[in-house]
Structures are given as C-alpha cells and as structure tokens.
Amino acid sequence: MASLLERLGQAKRFVDGVLGADKYQHYLEHHQRNHPDQQPMNEREFWKDYTDWQEKNPEGRCC
C-alpha cells in the first residue's frame, strides 16, 4: 500500500497536470531533448510567451 506522502505526491502531480502547472517542466524536458545546444527560456519568459500565444490563438478556449 502506498504511503500517505506517496499518495499526496501523486495527487499533486495530477492537479498540476490538470491546471497546467507542469507546462514549464515539460517545456524544459522537450527543449533538452530537441535543442540541447540552445539556452531555454527562464520560467518567467516561458509563461509570458505562453500567455501571448494564447491571446493570439483563442480557439479551444472555453470563454
């Protein structure tokens, strides 16, 4: 049986995935795999770029 801490960790990863809080981590993993010779954006730059992209591409948004 999984310990309470393991279950809380699983719940946090699930919630982060649903809310999109793990997008930056996924970006870093993708960047390391596909562009190891380039410097990745820092987290602030990433979220600015992401929100700018969302503003320019509103399709798929509910509101």
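Leu4, Leu5 and Leu8 together make a nonpolar surface patch of about 370 Å², where a patch joins nonpolar side chains (Val, Leu, Ile, Met, Phe, Trp, Tyr) within 5 Å, taken from residues with over 30% relative accessible area and no salt bridge. Leu8 lies in helix 1, which covers residues 4-19. This is a predicted model, in which local features need pLDDT of at least 70, side-chain atom pairs count only at pLDDT 80 or more, and totals for chains, interfaces and linings use all residues. Residues are numbered from 1 along each chain as its sequence is written, and side-chain values use heavy atoms, with hydrogens and water left out.

The protein chain has three helices and zero strands, counted as DSSP runs (H or I, at least four residues, for helices; E, at least two, for strands). Its radius of gyration, taken over C-alpha atoms, is 15 Å, well over the 11 Å that the globule rule (2.2 Å times the number of residues to the power 0.38) gives for 63 residues, so the protein chain is more spread out than a compact globule.

A search of the whole structure finds one salt bridge, defined as a side-chain nitrogen of Lys or Arg within 4 Å of a carboxyl oxygen of Asp or Glu. Lys48 and Asp52 form this bridge, with their closest N and O atoms 2.9 Å apart, and both residues lie in helix 3 (residues 43-56), four residues apart, about one turn of the helix. The table gives their exposure (buried under 20% relative accessible area, exposed over 50%, partly exposed in between; 1.4 Å probe, protein chains only).

| Residue | Relative accessible area |
|---|---|
| Lys48 | 52%, exposed |
| Asp52 | 32%, partly exposed |

Terms used
Patch = residues over 30% accessible without salt bridge, like charges linked within 9 Å, V, L, I, M, F, W, Y side chains within 5 Å. Areas by Shrake-Rupley, 256 points an atom, 1.4 Å probe, with all protein chains shown as cover.
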